[in-house]
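Here is a short tour for anyone who likes to look at coordinates before setting up a calculation. Keep the viewer open as you read.

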Amino acid sequence: MNKPAHHESRPHVLPLRTYLLVAFALLVLTVVTVAVSFVPLGGANALVAVGIASLKAALVALFFMHLLYDKKINLIIFLVALSFLTVFIALTMFDTLTRGGFDIITRDPIDPDAVIYRDTISAPPDTTTD
Amino acid sequence: MTADHAHDRPGPLAHHFTELEQQSDSVKMGMWIFLLTEILLFGGLFVAYTVFRAWNEEMFINAHKFLDIYLGTINTIVLISSSATVALAIRAVQIGDRRKAVILLTATLALAVVFLVVKYFEYSHKFHLGQLPGKYYTFTGVEGSNPHIFFGIYFATTGLHGLHVLGGIIVLGWMLFRTARGDFSPEYHTPLEAAGLYWHLVDMIWIYLFPLLYLIG
Amino acid sequence: MDTTFERSYLKTPKGLASWLFTLDHKRIGLLYLFGIMGAFLIGGVFALLVRLELFGPDKTLMDADTYNQFFTLHGAIMIFMFIIPSIPATLGNFLLPQMIGARDVAFPRLNLLSWYVYIFGSVFAVYSIAAGGVDTGWTFYTPYSTESTGAVISMTLGIFILGFSSIFTGLNFIVTIHKMRLPGLTWYKLPLFVWGLYATAIIQVLATPVLGITLLLLIMERTFGIGIFDPAMGGDPVLYQHFFWFYSHPAVYIMILPGMGIISELIAVFSHRRIFGYKAIAYSSLAIAFVSFLVWGHHMFTSGQSELAATIFSFLTFLVGIPSGIKVFNWLATLYKGKITLDTPMLYALSFLFLFTIGGLTGVFLGALAVDVHLHDTYFVVAHFHYVMMGGTVMAFLGGLHYWWSKMWGRHYSERWAKITCALIFIGFNVTFFSQFFLGAKGMPRRYYNYLDQFQPLHAFSSVGSLILGAGFVVMAVYLIFSIFKGRRAGTNPWGAMTLEWTNPTPPPPENFTEPPRLEYGPYDYDRVAVERTDT
């Protein structure tokens with residue numbers, strides 16, 4: 001098959017215990033997240049759900065995917081991906097959550113009877129049509 | 001450095017690398033970058049989800065009730081288990097136990113197929129009720145504005161994820177074949193590790209999709 | 001017999017199959033060169049047709065619907081089939097392994113695959129021209145793109161596929177630069193072109209997938225009426241723009257960063273001086289890559305996003321100009337008191353400095369929220385982006401092409417014709433596009449088929465410029481192709497440069513180096529080591 005290279009790389013083998021513990025933790029966390037979803041916490045429900053999911057994802061990444069034991073660059077690549085996704089979501093939400101937020105015209109409309117218009121302009125601006 | 005020296009070099013070492021460790025590090029790094037692109041690809045759908053959920057919180061809560069939480073939980077357990085089996089399969093190769101690796105890879109594939117079967121049942125139930133994306137939506141049982149949005153996002157995210165599961169089945173099937181054939185050893189099993197990384201990402205995406213779609217309040 | 005030639009990557013191995021199934025990064029670079037030159041030709045023809053139509057108001061050559069298709073195809077082809085792959089896939093592929101003393105990139109088969117994906121995607125895109133055309137503008141804004149009757153799906157599918165080509169190239173380059181460097185070649189000894197390619201590759205892998213999902217959602221909207229961009233179904237058309245520009249803004253830095261990398265090489269070599277502020281230039285490339293992801297909303301100031309978001313994006317946009325400014329000042333400082341030789345590559349580099357500065361500064365005008373309200377969707381924007389993309393990237397690409405031409409082909413082009421052409425292109429470019437700043441400031445909207453009579457003089461002037469520009473490129477094609485077969489034989493290091501690619505034979509053998517490359521000096525050690533020009 002293949003002859004060992006002059007630079008033999010013995011893989012870093014994790015003990016069976018580690019894998020089984022992580023798998024068990026993931027299953028427990030799954031049960032927890034389902035159970036918690038039945039408890040009404042209002043807005044916190046979403047946060048808790050995402051929090052538990054992140055914990056599970058971290059376990060998969062660090063242990064199953066070996067990020068804890070691997071070269072640092074791979075962890076950096078993973079974190080960069082998550083960071084930029086966060087930027088995408090956050091900056092988009094800056095827009096979508098604040099639409100109509102500074103809409104002065106609807107909150108503070110021009111008053112056609114205001115004195116200043118009568119005095120300085122011959123006819124008040126027509127704000128009634130459209 | 002011509003082809004003449006090929007027989008001095010270990011079989012799986014490609015001509016442009018100088019040593020096996022450089023090659024396996026490169027392949028793993030390359031796979032992590034590919035996973036990065038997958039995270040950003042699905043990321044777009046997470047953005048759509050977040051935006052529309054913020055705009056239609058009530059409707060999302062009402063609509064998601066029509067998702068079967070038991071099937072979703074089963075699928076989550078199925079995928080987590082498949083992640084465990086593939087990780088253990090790689091470990092088996094690392095300690096030279098080919099037989100166990102083949103068994104574990106087969107288990108991974110079986111679990112992956114179970115996932116898709118469950119999804120098939122979920123989808124056909126929705127088709128039956130008319131809970132379809134966009135202009136095909138005919139279901140009337142959800143309160144709130146534009147309930148088709150939830151189902152559109154549901155199908156887009158789980159559909160894209162399902163396609164990735166299918167891709168994973170093909171890749172893992174090929175890895176099973178290669179493992180059984182004896183291509184891998186404790187010194188060389190880089191393609192298997194790369195395939196494993198991909199499969200773990202597929203699991204990770206579902207770990208997020210499950211609460212976001214099935215467990216909304 | 002010229003054994004160097006016979007043993008070079010150009011002639012070894014022989015046969016068409018050996019080219020179509022090559023794993024040699026240098027051959028793949030040439031395969032890409034043919035591809036993008038073809039794309040530039042098609043995109044350029046559309047450009048000339050557009051400018052001819054705009055010579056006068058009303059119909060000059062074609063009707064309005066055809067005009068809409070032509071400017072759309074010009075944009076889409078130039079951006080996705082030409083400029084995005086241009087420098088990385090041609091010069092990057094050819095040079096990167098040589099510059100780091102490697103035998104090939106990290107994943108040669110992925111490299112070849114990326115070329116085939118490029119060709120496949122291009123075929124789809126070109127097919128859509130015949131299949132009904134697309135008239136949505138290269139930005140495919142909803143709702144028109146979801147409702148237009150053109151071949152939107154095949155065009156967007158083509159671009160989706162082209163995106164994979166870009167991702168594969170970026171992935172390959174990142175791993176190559178991390179893992180395949182000659183021992184002893186630390187990060188701070190890398191040529192700045194490599195830093196430019198690295199920063200570009202990071203953007204390619206992070207941003208392009210978002211383009212992928214955007215186009216997929218657009219296709220789903222067209223086929224399933226999924227409704228996320230349709231207000232009648234509770235969707236939001238501005239959301240499409242967020243998705244689209246999250247990729248497309250960083251994309252413009254994919255276009256410029258490799259060009260800036262080339263300029264660093266050219267300025268150093270042709271001033272015969274150490275580059276000023278090496279680390280600042282290196283870090284500024286990374287800074288541009290990072291900040292470029294924070295500013296996309298400046299394309300949407302008048303689209304209906306919230307005022308808060310617009311303000312934040314405007315502020316962040318001012319930040320992204322800073323690293324580019326740092327580079328320009330460092331290049332100027334390198335020129336100062338340098339032993340400048342005005343060979344053709346240097347003429348392109350100097351053109352770049354002038355034209356990119358104009359393009360970059362006008363970008364800052366557009367980044368100012370209040371100013372943009374007046375200038376958005378006018379010819380001012382068209383002028384701005386042509387100054388940075390053509391006055392910037394294309395000038396840098398041409399400079400690099402001329403600089404490394406002898407390394408690629410083993411022969412020199414005619415210096416006289418090259419200089420004449422550079423002048424033609426410089427003059428033609430400025431006549432075409434400087435006038436468009438005025439057109440835009442005076443209110444001429446972009447993508448308009450018809451216009452008021454008062455704009456005609458400037459439009460006519462601009463169109464004449466485009467003919468001069470086109471003529472320049474035709475002349476360039478002639479002398480470059482001639483040089484491949486009949487050019488004067490070139491030596492190993494005609495420019496006296498200090499980067500590793502000039503230490504191997506010209507043209508290089510398939511394995512790049514005939515003896516193991518040795519790092520004897522840094523890439524810009526002009527003040528420490530005397531390197532002679534070897535040009536037989």
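## Chain B as a whole

Please keep in mind that this is a predicted model. Read from the N terminus, its elements run α-α-α-α-α-α. The C-alpha trace of chain B spans about 70 × 35 × 25 Å along its principal axes.

Chain B has 217 residues, and 53% of them count as buried. If you take the contacts in chain B with a separation of 6 or more, residues 24 or more positions apart account for 75% of them.

## Where chain C touches chain A

Which elements of chain C give two or more residues to the side that touches chain A? The contact itself involves 13 residues of chain C and 12 residues of chain A. On the chain C side, the elements giving two or more residues are α9 (237–271) and α11 (307–335). Of the elements there, α11(C) gives the most, with 4 residues.

By class, the residues on this side of chain C divide into 7 nonpolar, 5 polar and 1 charged.

## The α9–α11 pair in chain C

These two helices of chain C also meet one another. α9(C) and α11(C) pack with their axes 9 Å apart, at an angle of about 15°. Angles under 35 degrees count as roughly parallel, so α9(C) is roughly parallel to α11(C). The crossing in which α9(C) passes α11(C) is left-handed.

Sorted by class, the contact of α9(C) with α11(C) has 6 nonpolar, 2 polar and 1 charged residues.

## A buried tyrosine

Is Tyr278(C) buried or exposed? This residue sits in helix α10 (residues 278–291) of chain C. Tyr278(C) is buried because 22 other C-beta atoms lie within 10 Å, where 20 or more is the cut-off.

Tyr524(C) is 246 residues apart from Tyr278(C) along the chain, yet their C-alpha atoms are separated by 9.2 Å.

## Backbone details to check

Two cis peptide bonds in chain C deserve a look in the viewer. One joins Thr12(C) and Pro13(C), with omega about -10°. Pro13(C) is in the loop between α1 (3–7) and α2 (16–20) of chain C. Another cis bond runs from Thr506(C) to Pro507(C), with omega near -10°. Pro507(C) is placed in the segment after α16 (456–486) of chain C.

Positive phi values also turn up in residues other than glycine. In His66(A), phi is near 65°. His66(A) belongs to the loop between α2 (44–64) and α3 (72–96) of chain A, and this residue counts as buried because 21 C-beta neighbours lie inside 10 Å. In Asn512(C), phi is near 75°. Asn512(C) is found in the segment after α16 of chain C, and its 23 C-beta neighbours inside 10 Å are why it counts as buried.

Methods
Residues numbered from 1 in each chain as written. Chains lettered and ligands numbered in written order. Predicted model: local features only at pLDDT ≥ 70, side-chain atom pairs only at ≥ 80, totals over all residues. Buried ≥ 20, exposed ≤ 12 C-beta atoms within 10 Å, placed from the backbone. Contact = placed C-beta atoms within 7 Å. Nonpolar A, V, L, I, M, F, W, Y, C, P; charged D, E, K, R; others polar. Axes fitted to C-alpha atoms, helices over the stretch in contact; angles between N-to-C directions. Parallel < 35°, antiparallel > 145°, perpendicular 65-115°, else oblique. Left-handed = near helix turned anticlockwise from the far one by under 90°.
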